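Welcome! Take a moment to look over the sequence and the model, and keep both at hand while you work.

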Amino acid sequence: MTKAVLRLNGIEKAFAALKVTDCLSLDVLEGETHAIIGPNGAGKTTLIHQISGVLAPDAGRIHFDGRDVTDLPVSARAHLGLARTFQITQVLASFTTLENVALAVQASAGSSFRFWRPAEVETPLNAAAMAALATVGIAARAPIRAGALSHGEKRLLEIAIALAQAPKLLLLDEPMAGAGAQETHRLVQTLGELKRRYTIVLVEHDMQAVFALADRVSVLVEGRIIATGTPQAVRTNAAVRAAYLGHAA
Amino acid sequence: MVGSARVASLAAHWWALPFEERLAVGLFLPLMLLPVAALGLGGYLLVIGERAMILAIAALSLQLLIGVAGLISFGHAAFLGIGAYAAGILASHGHGTLVLALPAAILSSALFALLTGAIAVRSRGVYFIMITLAFGQMAYFVASSLAPYGGDDGLTWPTRTLVFGTRVLKSETVFYYVALAALGGVYVLMGRLVGSRFGRVLRGLTDNERRVEAIGFAPYPYRLTAYVMAGATCGLAGFLLGNEVEFVSPAYMHWQRSGELILMVLLGGSGQRYGPIVGAMTYLLLEESLARFTEHWKVILGPLLVVVALFGRGGIAGIIERWRLGELSLAMLWAACGAIARAQAKRVMGGLRQAEAVAAGALDRAIPRSKASAAAFVARWRLSKMRVGEAVVSLALIVDRSISTTIARWRRR
């Protein structure tokens, strides 16, 4: 019996007259990789913002790990184990790669209201950070300023930061965006290894990546989910073909 | 021969020290020796030194907000005044003793920071500047209306703070070293703070707030704590400032004073911990030397600060860091200095225009183009005791030139 790590219950969001999320319900089950796809303007980013806490829904409830988190801010949801990456890479450019991840470890390892001891030499923080960097394969870049990393490496660093938060759910917002063919290959490979250990919500445009990684796929069109199922079922779904894949076919 | 070998090994040791430590020695050793120099050159030097160190403490506390937390407070002088008033009021009631006055100065500033910061820290950018300015001016007007404690005229302390019943602080030399110790303590404290877990969160928030929030840190408690710490530290500076002159007035809290503190931080460079100390010293020295030069010294100081704001990215510390990273070469600076000296000689011979051209040319080669005109401006001021009219004209020329280089750069893109 698998439980739902994330449960969206009839959430709605409108910007003026435009309904961006329209009575949307969705369960993300423990251990699965759940992809959310949809054409541009379908409301994917707005949905991600509501899950992570940047935006509050107008109606409906969001449950995470058995708790109602609808009214919690971003940082509190992160504390509960909701880790995310951003569509446009967000790393601390002036920090080293290691320090970027060490700060994430610090968030869940004791108080950060400590004012005297240099954080740089806290071995437990650094060890955990190195482990996360090693998982995504950029441990060799640890001492380099994050601002000097390549685009693909920054994407991997963001994933390492999320892993360092000891997450119960990874929320990946278009992790392949802007990546070249080589980088995409590397990212898909890394995510392929992670999916066995983590519950993942993957919002992605790259269909090949989605069909390679996802256990289930939900198709979002005009703020509503028109189909949820295995990649195979979604691919052959008539409504999906008409609304979405129809453009390509 | 043994002697020279020892000197060489000492020198090797010296250069093997990390830059931070060499810098601390370079900053604090002269300050330690200043009282000795004052014996020969006059006690006035001691007073200037005290003042510079006290304002450096205030600037260091503001640096925690501007440089580390990314919050530009325009009401920071309020804490200077609150610290001085707290100790001064106690003294006027006959309780001017260290064990009471120092905690009172620090805690009352911290409390004011907590109350005003609770509101101000919720905002960012221009709004934060305006709110802190408003709170600063509020404190200023409250002090002006404190009729029992002198109101507008200020409050004269009966004496400097007593240390366990003794008047040791009355000695200018003792007080000087107390101020120096306080500055050293605050300098070390700030260094530890920036590198600590707390400092790391603050720096992260300044770098990329979204990222740090997504990791699980709510910005508000961290920023508020930083604000209270900065306020309390500035309260310590206020306590010392009041002691130095045995007087406190609302003018301590005026927004102009807050502006001066910001200038000190920016002039010295907000990116480095030593920046505010260098900035406070430079500001005071400029003020002292320019005031001696003409009574309209603000006419010169103003444009100079404009020039620093326009061209001196990172302030004096920024220039030092650029030099360390090899972006500015010492040889070139040396050549420029030589050219300035030669230009000075030529000017004496009478060829003013030519000399300036030589100096400007040399500086052009030493420092990237856009900064050259600013440096030439400084050089020219040093060469030819510049008059007010001249200052205005050269400032206009600098603005003209910076605009034209910007346009040229923009066209190239």
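The exercises below each set a task and then work through it step by step.

This is a predicted model, in which local features need pLDDT of at least 70, side-chain atom pairs count only at pLDDT 80 or more, and totals for chains, interfaces and linings use all residues. Residues are numbered from 1 along each chain as its sequence is written, while chains are lettered from A and ligands numbered from 1 in the order in which they are written.

**Exercise 1. Find the strands that pair with strand β8 (residues 200–203) of chain A, and say where its side chains point.**

Step 1. Begin with the terms. Strands (E, at least two residues) and helices (H or I, at least four) are DSSP runs, numbered from the N terminus. Two strands pair if DSSP finds at least two bridges between them.

Step 2. Look for partners. Strand β3 (residues 33–37) of chain A runs parallel to β8(A), and four bridges join them. Here A:A35 is found opposite A:L202. Strand β7 (residues 169–173) of chain A also pairs with β8(A) in the parallel sense, over four bridges. In this pairing A:L171 faces A:V201.

Step 3. Follow the side chains. A:I200 and A:L202 point one way, A:V201 and A:V203 the other way, and all are buried. A residue is buried if 20 or more other C-beta atoms lie within 10 Å of its own, exposed if 12 or fewer, and partly exposed in between, with C-beta atoms placed from the backbone.

Step 4. β7(A), helix α6 (residues 181–194) of chain A and β8(A) form a right-handed β-α-β unit. Right-handed means that, with the strands pointing away from the viewer, the path from the first strand over the helix to the second runs clockwise.

**Exercise 2. Compare A:A16 and A:E174: is each one buried or exposed?**

Step 1. Most residues other than glycine have a negative phi.

Step 2. Note the backbone. A:A16 is not a glycine, yet has a positive phi of about 55 degrees. A:E174, not a glycine either, has a positive phi of about 45 degrees.

Step 3. A:A16 is in the loop between β1 (4–15) and β2 (18–29) of chain A, and A:E174 is in the loop between β7 and α6 of chain A.

Step 4. Count neighbours. A:A16 counts as exposed because it has 5 C-beta neighbours inside 10 Å. A:E174 has 20 inside 10 Å and therefore counts as buried.

**Exercise 3. Work out whether the span of helix α3 (residues 44–68) of chain B agrees with its number of residues.**

Step 1. Use the rule: the expected span is 1.5 Å times one less than the number of residues.

Step 2. Apply the rule. The 25 residues of α3(B) should span 36 Å, and the end C-alpha atoms are 35 Å apart, which agrees.

Step 3. Look along the helix. α3(B) bends by about 35 degrees at B:L62, the bend being the angle between axes fitted to the seven residues ending there and the seven starting there.

Step 4. Finish with the surroundings. In α3(B), 19 of the 25 residues are buried. Just after α3(B), B:G70 has a positive phi of about 70 degrees.

**Exercise 4. Describe the side of chain A that touches chain B.**

Step 1. Count the residues. 29 residues of chain A are in contact with 20 residues of chain B, where contact means that the C-beta atoms, placed from the backbone, lie within 7 Å.

Step 2. Find the elements. α2 (74–79) and α3 (97–108) of chain A are the ones that give two or more residues to this side. The largest share, five residues, comes from α3(A).

Step 3. Sort by type. This side has 16 nonpolar, nine polar and four charged residues. Ala, Val, Leu, Ile, Met, Phe, Trp, Tyr, Cys and Pro count as nonpolar, Asp, Glu, Lys and Arg as charged, and the others, Gly among them, as polar.

Conventions: Contact = placed C-beta atoms within 7 Å.
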